[in-house]
Structure formats: C-alpha cells, structure tokens
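Thank you all for coming.

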Amino acid sequence: AAAPDLPAERPQPEPPQDAQIAGEEGAITTRAEEPSAKEGAIAKDVEQGVDEESSDSAQFDVELTRESLTSAGLHLMVLDYKRPYILEVLDGPIAEYNQSAPLDKQVAPGCFLMAVNGKVEDAPSMVQEIRESRVLSLRIAPKEVFTFTIRKNGRSLGINVHYQLMCPPLLVMSVDERGAMREYNRQACDARQLKVGDLIVQVNGACATAKEMLEVIKRSGELQLTVERPLN
C-alpha cells in the first residue's frame, strides 16, 4: 500500500498518463465535421455557485508542530506537480487538528494543498516539507464544485487530460480550439467555463476511477460533468 503523504494511488503506485479526448483515430471519441449553427446549444448549467459546504469558505492556514517525524496523515495525489489534491485524511496530526477546528476550517478530502512552509506551485518540494519538517505551515483551499451538461453532437469533447488510471480525478491540461467543450466555454459565464487545472471528478455519475470516467466519455453523446477547483 502507498504510504501516507505520498502522491500515489492505492494499492499500486502508477505514473500519471495523458489522454487526448479528441478525434484521432482510435482515441476516446471521434471528431466529426464542424456542425452547423442550427444544431442548437450544446450545453446547459445544472448547478450554479459553489458547493453548499464551501460557499462561505475561503483559503485558510493550518499550523502544526509534531513531536517527531510521524506521518502527517494525508493521502495526496499530485497530477500537475503544482498543488497536491487531498484524497484522504488518515490518523495523525491533521485528523487531531480537525477535531477542534470549525467545520469551514477543517482539512477534508477534496481540498487542495496550496502551500507548505512558504513553498508554492512545487508539489514535490511541498511533499518533501511534509515528510521532513516537524513544524508545518499549510495553506489549504476548500473545493469549489459545479456541474454542467454538455452534448457532443457528433464531435469530440475536445479536451486533454492527465490522470492516474485507478484514481478518480481527470486533470484538464488543455481545451482544443475545436470540439464541444470550446463551444460550451464560449456560451458559459467565466466562473462556469472548464479551465486548465480543473479536476473532473464525476461523469454521468461515474466517479470510481479515471478509467471508468474515460469509458463513459467515449461512449456517451451527452455528458454531465462535475468539476472541482480550489476556492479562492
């Protein structure tokens, strides 16, 4: 099993992979010719605003001092090598901190680790600090969550993602100039556009693994996507 604080999946670590959800032959979907404008809107918002649990939250700091270099009790995933994503809070100092912290200042699965001891946008260094420093100053971002539905209308979805096959999130690396997602973004307000760095955590109810979500994207013409990003 992966040790706590390691940015790896369980039970067997696996290097992240890239998946072009685009129109190359044999890829996730098939790119069709650009549809005419009369085919209508391709998407609709299902849920506006942020997750109710984090609607009044903001990023917050957690200060910890460990008596020894025991595990901090975080199971992390690193996909973009900038900000670790918290998959699980295990027994340890973080869980002890949560017991007395207000609900909106608790470290929970789905939160983003934005800084560790002043180190930012450098996930390997942040993880190293957690492993090697007795005194920890953590900057935590609760998750912002929104869900929308998009119809591909015979085209590719048009995004490039990074993932670990047996873990749930898909990290958005780019949005193609052609494809259903680009048109959706043109119609959506800025806060509800799919952006580089967003995590797709559920596709049509599928959320167990990246493999499962990619299979749903490949076979479905209409997709309901749930997206998480750090709450500022």
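This is a predicted model: local features need pLDDT of at least 70, side-chain atom pairs count only at pLDDT 80 or more; totals for chains, interfaces and linings use all residues.

Residues are numbered from 1 along each chain as its sequence is written, and side-chain values use heavy atoms, with hydrogens and water left out.

Of its 232 residues, 49% count as buried, where buried means under 20% relative accessible area, exposed means over 50%, and partly exposed is what lies in between, with a 1.4 Å probe and protein chains only. The chain exposes about 11,200 Å², of which carbon and sulfur atoms supply 48%; these areas come from the Shrake-Rupley method with a 1.4 Å probe, and for residues only the protein chains shown count as cover. If we take contacts, meaning heavy atoms within 4.5 Å, between residues at least 6 apart in sequence, then 71% of them join residues at least 24 apart.

Let me move to the interior. A nonpolar core here is a set of buried Ala, Val, Leu, Ile, Met, Phe, Trp, Tyr and Cys residues joined through side-chain atoms within 4.5 Å. The largest such core has 26 residues, and those with the most contacts inside it are I150, L170 and M181. Two or more residues are given to this core by each of β9, β10 (159-163), β11 (170-175), α3, β12, α4 and β13 (222-230), and the largest share, 5 residues, comes from α4. There is also a second, separate core of 20 residues, which includes A72, A101, I130 and L136.

Which residues of α4 are buried? They are A210, M213, L214, V216 and I217. These residues cover an arc of only 160 degrees around the axis, which puts them on the same side of α4, the arc being that of the directions from the helix axis to the C-beta atoms. On the face of α4 turned away from this buried side we find the exposed residues K218 and R219.

Now the aromatic rings. Rings of Phe, Tyr and Trp (for Trp, its six-membered ring) pair if their centres lie within 6.5 Å, and planes under 30 degrees apart count as stacked, over 60 as edge-to-face and the rest as tilted. By this rule the count comes to 3 aromatic pairs. In one of them, F146 and F148 are stacked, at 6.1 Å centre to centre with 20 degrees between the planes. The rings of F148 and Y184 have their centres 4.2 Å apart and their planes at 10 degrees, so this pair is stacked as well. This second pair links distant parts of the chain, with F148 in strand β9 (residues 143-151) and Y184 in helix α3 (residues 180-187), 36 residues apart.

I will finish with some residues in loops. C207 lies between β12 (199-203) and α4 (210-219) and is partly exposed, with a relative accessible area of 36%. Not counting residues up to four places away in sequence, C207 touches P168, V201, Q202, E212 and M213. C207 and C167 are 40 residues apart in sequence, yet their C-alpha atoms are 8.9 Å apart in space.

S133, in the loop between α2 (123-132) and β8 (135-141), is buried, with a relative accessible area of 16%. Its side chain is joined to that of E129 by a polar contact of 2.8 Å, a polar contact being a pair of N or O atoms within 3.5 Å, where within protein one must be able to donate a hydrogen and the other to accept it, and residues adjacent in sequence count only if both atoms are side-chain atoms. Leaving aside neighbours within four places in sequence, S133 is in contact with R66, L69 and N117.

Finally, Y81 has a positive phi of about 60 degrees although it is not a glycine; Y81 sits in the loop between β4 (74-77) and β5 (85-89) and is partly exposed at 44% relative accessible area.

Note on methods: Helices (H or I, at least four residues) and strands (E, at least two) are DSSP runs, numbered from the N terminus.
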